[in-house]
Amino acid sequence: MFSKSVVVCCLLAFSAATDVLQCPGKNTENLKENVQLSPCKKPPCKLKKGTDQHITINFTPNEDVVELKNRVVADVFGVDLPFVGVDGNSVCDKILTADGQKAPCPLKAGVKYTYKDSFPVLEFYPNIEVKVHWALISPKSEIICFETPVKIVSKK
């Protein structure tokens, strides 16, 4: 019984992580274990138009954070285009403490937080494969970021 529990626990932990990439010039420790995109089984993540994509990011800021926003852009043929409806949004109301309690801004340096959100994949997005750069930014700096290939597809 014990070995089955360990296997199930390990499978759940493995399936929760998303294979994301470090942002250029960054080296975030345990990045892949701290980012979950759902549903996303493997890269490129398929974003189906007319559905919601869910995201969870665990992070620990190195500085006190008064305001926190999304910076979400897609690299389309070498041009960074913002994800409409997601890029530039405040995320202060979507931050939780390690024990699941709401943790609105300001956030304290050295404390572990979780950002949980969902966003619509809008119908007018083109069917295209792109690299997405996702960052949580404060007025002073980029707190955490990752990149991942995605493929926007029509709902079947």
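## Strands S4 and S8

Strand S4 (residues 69–76) runs antiparallel to strand S8 (residues 128–137), and seven bridges join the pair. The model described here is a predicted one.

## The five-stranded sheet

S4 and S8 belong to an open sheet of five strands, in which the order is S2-S9-S8-S4-S5 and the pairing is mixed. The edges are formed by strand S2 (45–48) and strand S5 (79–82); each has a single partner strand, so one side of each lacks a neighbour in the sheet. On average, neighbouring strands of this sheet are turned by 40° against each other, direction ignored.

In the order of the sheet, S9 stands between S2 and S8, while S4 stands between S8 and S5. Strand S9 also takes part in the pocket described next.

## The largest pocket

The largest pocket holds about 310 Å³ of space. Its lining is made up of 17 residues, and those nearest the centre are Thr-28, Thr-60, Asn-62, Ile-143 and Ile-144.

Two strands, S3 (52–59) and S9 (142–153), each contribute at least two residues to the lining of this pocket. The most comes from S9, which gives four residues. By residue class, the lining of the largest pocket comprises five nonpolar, seven polar and five charged residues.

Conventions. Residues numbered from 1 in each chain as written. Predicted model: local features only at pLDDT ≥ 70, side-chain atom pairs only at ≥ 80, totals over all residues. Heavy atoms only, no water. Pairing = 2+ DSSP bridges. Axes fitted to C-alpha atoms, helices over the stretch in contact; angles between N-to-C directions. 1 Å grid on protein atoms, 1.4 Å probe; cavity = no way out; pocket = protein on both sides within 12 Å on 5 of 7 lines; lining within 4 Å. Points joined across faces, edges and corners; volume = space filled by probe spheres on them. Nonpolar A, V, L, I, M, F, W, Y, C, P; charged D, E, K, R; others polar.
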